[in-house]
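I opened the file to look up how the strands pair and where the nonpolar residues gather. My notes follow.

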Amino acid sequence: MEGEAAHHLGRVLRAQIGQLYELSDGERVWLARIESVDRDRVQFALVEELPAVQPSLDITLLLAVVKFDAFEWAIEKATELGVSTIVPLAAERSEKALLTAAVKRADRWKKILLEAAQQSRRVRLPVMADVAKSETAFAGNREGLRVMLSERATALPLRKILQGQRAARATLAIGPEGGWTDREFGAAHCDGYVEASLGRLILRTETAVVVALASLSYALDSE
């Protein structure tokens, strides 16, 4: 292990020779023992291969860009909850200044996903896609169960939508705090998305991410 990760392990966590760690390349997991610790390099000896458990549910999160502290908290928790792909949305009611600044935060977001994946002991990192317009993201994710959170009175409760579902793939769309526009609702409906409600209370975007993803995982995950 070299570079920033090795520096963190050796200098911040003060790793010692002989300690055991689990290492992963995104596909396989090994139990490894530290053989040497240098300033920016940690050398391991592989002890044994461990079972690599991959999620049985493939979830794509289409998440409107909101204030960065909330957005970054949300993608961290989404990673811990097992999403496969995160697509930041340039929704019609997203703040234009945030969308302009979002392009410069791609590396930071990927680092957040890496740290959250390590914390939750995921084998494979989620994919952080480029910022996309809502209509483009809807059209690009047409497989499996497709749900968009909605505050409209006609939206069905999420629990009813999930009853009896056995989908192995799902896409969850969560809009900005100003809500979706009629044009976005129309585009989503054309691509097979179902409006879902999380109840009468109005939740912040980051809260809705956790509630909805946990509900999807509970209802659809076979493990």
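**Sheet and cores**

I looked up the sheet: 3 strands form an open sheet in the order S1-S2-S3, paired in the antiparallel sense. Strands here are DSSP runs of E of at least two residues, helices are runs of H or I of at least four, and both are numbered from the N terminus; two strands pair if DSSP finds at least two bridges between them. S1 (20-24) and S3 (41-50) are at the edges with a single partner strand each, so one side of each has no neighbour in the sheet. From one strand to the next, the twist averages 45°. Axes are lines fitted to C-alpha atoms, for helices over the stretch in contact, with angles from 0 to 180 degrees between N-to-C directions.

The model is predicted: local features need pLDDT of at least 70 and side-chain atom pairs pLDDT 80 or more, while totals for chains, interfaces and linings use all residues. Residues are numbered from 1 along each chain as its sequence is written, and side-chain values use heavy atoms, without hydrogens and water.

I then checked S1 and S2 (residues 29-38), which pair over 5 antiparallel bridges. Leu23 stands opposite Trp30 in S2. Helix H1 (residues 4-12) packs on the sheet and touches S1, S2 and S3, where contact means heavy atoms within 4.5 Å.

Next I looked up the largest nonpolar core, which has 38 residues. Such a core is a set of buried Ala, Val, Leu, Ile, Met, Phe, Trp, Tyr and Cys residues joined through side-chain atoms within 4.5 Å; buried means under 20% relative accessible area (1.4 Å probe, protein chains only). Leu61 and Trp109 are among the residues that touch the most other members.

How values were computed: Buried < 20%, exposed > 50% of the residue type's maximum accessible area, 1.4 Å probe, protein only.
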